[in-house]
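Me: Got a structure open here and want to talk through a few spots in it. Can you walk me through them?

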Amino acid sequence: MTKRVLSVQGLSVQFQTDNEKVLVVDDISFDILESETFGLVGESGSGKSISALAILRLLPRSAKMSGKHVFFKEKDLLTLPETSMCQIRGRRIAMIFQDPMIALNPVKSIGHQISEVIKIHFELSSSEIQSRVLTLLRQVEIPSPESRIGDYPHQFSGGQLQRVMIAAALAGEPDLLIADEPTTALDVTIQAQILTLLKSIQRQVGMSLWLISHDLALVSSMVDRVAVMKKGRIVEVAETQQLFTYPEHAYTQKLLAALPSIDSCREEANVTGDILLELKNIRISYPVRKGIFNRIVSHHQAVDGVNLTLHAGKTLALVGESGCGKTTLAKGLLNLIENVEGHIMWAGQNINGLQGEPLRQMRSNIQIIFQDPFSSMNPRMLVGQIIGEGLRSLHPEISSQQRKVEVATLLQQVGLSAECATRYPHEFSGGQRQRICIARALAVRPKLIICDEPTSALDVSVQEKIILLLKSLQQQYEMSYLFITHDLAVVSEIADELAVMYEGKVVEYGPVYQLLNDPRQPYTQQLLKAVPKISVG
Amino acid sequence: MIILWTDALIYLLLTTAMVSGFFLRNYEGLKRPLNKIAANKSAMVSMIILLFFVAIGLLDSLHFKAEGQRASGIISVLDYCTQPLWQQTEKTYSAPFSAYLYSKAYITQANGFQSWGFPRLKFGGSHLLNPEIEKTADVLIKLIVGLSKGFVFCISWVGLRALCLAKKAGQIRLQVRPGFMGITIIIVVVGLSGIIELSTYYHILGTDKVGEDVFYQTIKSIRTGLVIGSLTTFIMLPLAVVFGILAGFYRGWVDDLIQYSYTTLNSIPSVLLIAASILMVQIYMVNHPELFTNLESRADLRLLFLCLILGVTSWTGLCRMLRAETLKLREMGYVQAAKVLGVRPIGILFQHILPNVMHIILISVVLDFSALVLAEAVLSYINVGVDPSTYSWGNMINGARLEMAREPVVWWPLIAAFVFMFILVLTANLFADAVRDAFDPRRNQHD
């Protein structure tokens, strides 16, 4: 029988706020075996990260933990004095976080930061430390580590930084590595690389890996055993294969059902219809300014000659990695940024560069839904005011009484009650906020809604409901969507056509089923291959 | 009735506040924040104390002519109420509650002999035959008498109120805790009455170099402090808010222009700028004596001009902060969404930007308020502050420079100015904190 590395029994964490106690982790128990990969999945707020932090005893002051025991090897981490705990943290148990940009100190070189970890835990001479750092960087496959050891975090890309983080975590030669959403902030293709790296290092070193994620598909391809967490409780623990083939708990079944699948694309090839919007050779560049007088020294081409056609009542999905110019294109389309070249043809009229009153009149045709439902609403306005804003500015002839009625119907259409109008945005959850944003865009009866990653900040089950809502609204109002996303699985659920963007250019463009089943361009193929799928056995 | 410039401006401010309060009284959105402030104990205590300060300041801002009083013949309502305080001047320094002068002098006794010692005060404790023995008991008795007078006054007043309230109980909308508020007001009124009773017999905070009552000076300084704090803020605020938001929102040449102007202004040492401007005013006053018929109006104009110049030089800090915040806000989703919804720029500025920078404005205004009172002290030090004849904490602190060097130390003017300034700034801070929290919807979650 394999030995247990970590054995948690009845762990609970409680947060104490001014006037209430919130039980965030509720009596969870699980084991992690030697050189095993253990997955903990659950939606945001289910207490995944908090349980990891509790085991490392890194909880904020307002939190209180209790439990029967938390054995790491032979030691009970609940009763261990803080000094001994320090020898375990970073040395025996290491952790990597979601965002490497925040976890690394921006003013120290990465070599310095890794060697810091080594210095704490081992007594080595400085040349030995130097060579250890180099070995570690080589292990995480940073190209030419000798020249990069003195570089600062901002000189690395997101994926490389996560590699550096892994190197720093490995520096203590841990028995258990906790990876808390290690790839959520990264692009799909990079995500795949990081996961392969983690897996291969684990095999080399023989440590245990505890992977925390919200992404069921990702977990299924990585781990040996999975625990599903819901509202602070572990509802199901099973071998990966068993959990994904025969999920027992209703919640697990619901999660699996909600998972968008890349194979579920619409089969019909009917993408003809009236042309609503035509983009002709769109080029958007940002000026690069330098020197004391802020002279423009060059231009950074964010969008480089894009041609797209949008049909009435259809959905065009725009896919690409972060930084490829998707959002810039959307903002250019909405006239929110300057330096847009090319023709944006709307009903035979070029709307690029419209100014003043004609532009305002055009506004009701195209609306936008943003990615982050938290920053997209003014926290100091009531929901009713937020939704009514467009009506007030574009249809001033509507009386305030009528506007209230209109707002109430809009709220009901997006699945919220009419009373919500007198509440503030912060009282709603992420999914509900996204519904309010949809209602706001819908208020002015647009013919086209640009959805800029509307679901990527949401949990899987919420994501599914928002997609369904968008679909039903599309049928009701015969709107078109320009759906910007990095998630190919979502694309297959909603889109009719697909355009793949890479470095400001559209590399492949066509009906969804065609692109997903028979990608021609190598980049599209790579993108498709990197999408994590539920793979069992 | 004589209206000085600052009086007019203070009452203009007050009327504006009252009129806007009247128009906003039925506004739905205000109900929740106001209730929240009303439920906050420290905020209510601060408010009551602040109101007392403001009331004193307002009384001190109603001037009228009273022949034979003072050199200029102009006194304020506050002066009228506290007549014994400023009429009973001693020869020079005397300690709080003392019956003797602080410095030795030749005393001519009844039998014509002269002796060297501490002479009795003319007014402070003059009713005592033998201060060494009687004073402590007398102070206590006077205090108790004063407190009970205040208490009786409160009881009768509260009784009357209770009768009136019973009739109007249905109209009270705010959830003020009447018991708590009542107790605070009673404590303040009773304490005040005790102080009034004592101050008619003693110099409770001592006297200064020319024998003037320090307690009187401190309460007269309240008006100066409030004028400098509020008028300067109302000159500085529009400049900072308008320029800061415009620069952050429009960027481009507007931003450049505003940025360069405040950088230029910032690069000039403000003390020199203020000194130069004040000297200009002084020369103007000397050249046009016909415009300034009395001391009061001269001092008043100097105070007003000080506020003006302080306001013009102090808007840059807040402006820079607001510009930075606006730069951040204009990229927020809701501002972008408003643009897409066709909201005009002016609408975006008022609906989205301004409410979301309000907390910064509030905090820095309150912090500036205390900084301004201190700035006044610094400027008085180099003789470019308020007129030396104007009572102000700055002047008192400035005077304390020499007093602290004396042996034995004359500590009471400094402590008096310090304590009053401290109370004003602390209560303003606590109250502003509560206001900021109440108007932030994100903090109303657990209602």
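Predicted model: local features only at pLDDT ≥ 70, side-chain atom pairs only at ≥ 80, totals over all residues.

Me: OK, in what order do the six strands of the open sheet in chain A run?

Reply: The order is 7-8-9-3-10-11, with mixed pairing. Neighbouring strands there are turned by 15° against each other on average, ignoring direction.

Me: And which strands stand at the edges?

Reply: Strand 7 (93-96) and strand 11 (233-239) of chain A. Each has a single partner strand, so one side of each has no neighbour in the sheet.

Me: How do strand 3 and strand 9 of chain A pair?

Reply: Strand 3 (residues 37-42) and strand 9 (residues 208-213) of chain A pair in the parallel sense, over five bridges. Phe38(A) sits opposite Trp210(A) of strand 9.

Me: Which strands does helix 7 of chain A touch?

Reply: Helix 7 (residues 158-170) of chain A packs on the sheet and touches strand 7 and strand 8 (176-180) of chain A. The direction of helix 7 makes about 170° with that of strand 7.

Me: Switching to helices. At what angle do helix 8 and helix 20 of chain A cross?

Reply: Roughly 55°, with the axes of helix 8 (residues 188-205) and helix 20 (residues 522-530) of chain A coming within 8 Å. The two are therefore oblique to each other, and the crossing is left-handed.

Me: Which residues meet there?

Reply: From helix 8 of chain A, Val188(A), Thr189(A), Gln191(A) and Ala192(A); from helix 20 of chain A, Gln526(A), Leu527(A) and Ala530(A). By class, that contact has four nonpolar, three polar and no charged residues.

Me: Now chain B. Is helix 12 buried or exposed?

Reply: Buried: eight of the eight residues of helix 12 (residues 333-340) of chain B are, so the helix is largely enclosed by the rest of the structure. Lys339(B) is among the buried residues.

Me: What covers the buried residues of helix 12 of chain B?

Reply: The cover includes helix 11 (295-329) and helix 13 (345-381) of chain B, plus strand 17 (366-369), helix 14 (383-394) and helix 16 (430-442) of chain A.

Me: Why does Ser144(A) count as exposed?

Reply: Because Ser144(A) has 9 C-beta neighbours inside 10 Å, and the cut-off for exposed is 12 or fewer.

Conventions:
Residues numbered from 1 in each chain as written. Chains lettered and ligands numbered in written order. Axes fitted to C-alpha atoms, helices over the stretch in contact; angles between N-to-C directions. Helix = DSSP H or I, 4+ residues; strand = E, 2+ residues; numbered from the N terminus. Parallel < 35°, antiparallel > 145°, perpendicular 65-115°, else oblique. Left-handed = near helix turned anticlockwise from the far one by under 90°. Contact = placed C-beta atoms within 7 Å. Nonpolar A, V, L, I, M, F, W, Y, C, P; charged D, E, K, R; others polar. Pairing = 2+ DSSP bridges. Buried ≥ 20, exposed ≤ 12 C-beta atoms within 10 Å, placed from the backbone.
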